[in-house]
Amino acid sequence: MVGHGSVVYMVFAMNLGHEAFSVANKGMEFTVKSSVGTEIVDEFLCGNAVDVARELPDSIVDTIVTSPPYYRQRDYGSVEQIGQEISPAAYVERMAELFSELRRVVKPTGSLWMVIGDKYLKGELLGMPWRVCLALKEVGWVLRSDCIWHKPNAMPSSVKTRPTVDHEYIFFFSHSKKDYFYDADAVREPHVTFSESSKMKGGRRHFGKRGGTPEKGKNSGDSNLHDGRWDQAFHPKGRNKRTVWSISLSKFRETHFAVYPEAPVETCLNASCPPDGVVLDPFSGAGTTAMVAKQSGRKYIGIDCVPEYIEIAKKRMEAQS
Ligand SMILES: C[S@@+](CC[C@H](N)C(=O)[O-])C[C@H]1O[C@@H](n2cnc3c(N)ncnc32)[C@H](O)[C@@H]1O
């Protein structure tokens, strides 16, 4: 264990057949002690994510679930932080560099979920989520879905020249163009076609009636629907997950102020991480991704460049165990 400067971190982790590694940051250095044949899991690693990522072994992670610092949104007070770059292009370049490295750490069947919001500068929307998304495609990630996180309790705003923003993007990428782990059944939603709020002509009156659905329109070719054989027309576990997720903001308040709720993380993990898989969050903050991973019996690796946030995350993990 070696330490320089004012802060010394001693992280004892398990390593997948790798020798001990160290990550040097400005004013700190820590060594991750290894024992051959075991894994680097269930640990928070303090450092610049790209430096830590470079030291991680290939193909150890099933899925990444993360929310990076948004461009010019918050100052986390670290010289290593991402998000305070001089230009959008500089931010995108750092993100691409990091996620290119992280792609190596993810298994070929693995994936990445990224929650990311946009930024207005002088009244103009920068389009940051899509700039980052396209840059990640350039470094090899395969974009599979652009989901919208709708926030019913988003902060009101005083703007009068455009709609108030109440959404962020959740991008879903796979590691490669080949098969990837995705458990659609684990994240199905209730069917709504015949709910009270159904807009379908006739609503619930169609239920169970032969020839009860309109003969024209999008369901015109589905004989199961027309014959009232709903059990065969609809998946018994619900409909496939949709791309708009309506989830209220997190209530967790401590030193860390950009904590995301557990609900979207649960969906991401259930969809794309095997029950005993490994989840990585390179911007772990207060440790929400790790908490959800642990709750569901999965393993986690968290990275953050701010020592105080690592401590908060560890305390939250202890409190839930
Ligand atoms: C949006 S917050 C993540 C919050 C987290 N999802 C949670 O629920 O608590 C982004 C985090 O990234 C960290 N961060 C910023 N730049 C970093 C870098 N270069 N390397 C590692 N962590 C960084 C910040 O300290 C902050 O905790």
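Q: In this predicted model, at about what angle to E6 does helix H2 run?
A: Helix H2 covers residues 88-105 and lies across strand E5 (61-66), strand E6 (106-116) and E12. Angles here are taken between N-to-C directions on a scale from 0 to 180 degrees. Against E6, helix H2 runs at about 145 degrees.

Q: Which strands does helix H7 lie across?
A: Helix H7 spans residues 288-295 and runs at about 170 degrees to E13.

Q: What is the bridge partner of Val 279 in E13?
A: Start with the pairing: strand E12 (residues 278-281) and strand E13 (residues 299-304) run parallel, joined by 4 bridges. Val 279 has its partner in E13, and that partner is Tyr 300.

Q: Which strands are the edge strands of the open sheet?
A: The sheet has 8 strands with mixed pairing, in the order E4-E13-E12-E5-E6-E10-E9-E11. An edge strand here pairs on one side only, and that picks out strand E4 (43-46) and strand E11 (244-246).

Q: Which residue in E10 does Cys 147 stand opposite?
A: Strand E9 (residues 142-150) and strand E10 (residues 167-174) run antiparallel, with 8 bridges between them. E9 also pairs with E11, there in the parallel sense over 3 bridges. Looking toward E10, Cys 147 stands opposite Ile 170.

Q: How many residues of the shell around the ligand are charged?
A: There are 21 residues around the ligand, with Ala 49, Phe 283, Gly 285, Ala 286 and Thr 288 coming nearest. The shell has 13 nonpolar and 6 polar residues, and the charged ones number 2.

Conventions:
Residues numbered from 1 in each chain as written. Predicted model: local features only at pLDDT ≥ 70, side-chain atom pairs only at ≥ 80, totals over all residues. Near = placed C-beta within 6 Å. Nonpolar A, V, L, I, M, F, W, Y, C, P; charged D, E, K, R; others polar. Pairing = 2+ DSSP bridges. Helix = DSSP H or I, 4+ residues; strand = E, 2+ residues; numbered from the N terminus. Contact = placed C-beta atoms within 7 Å.
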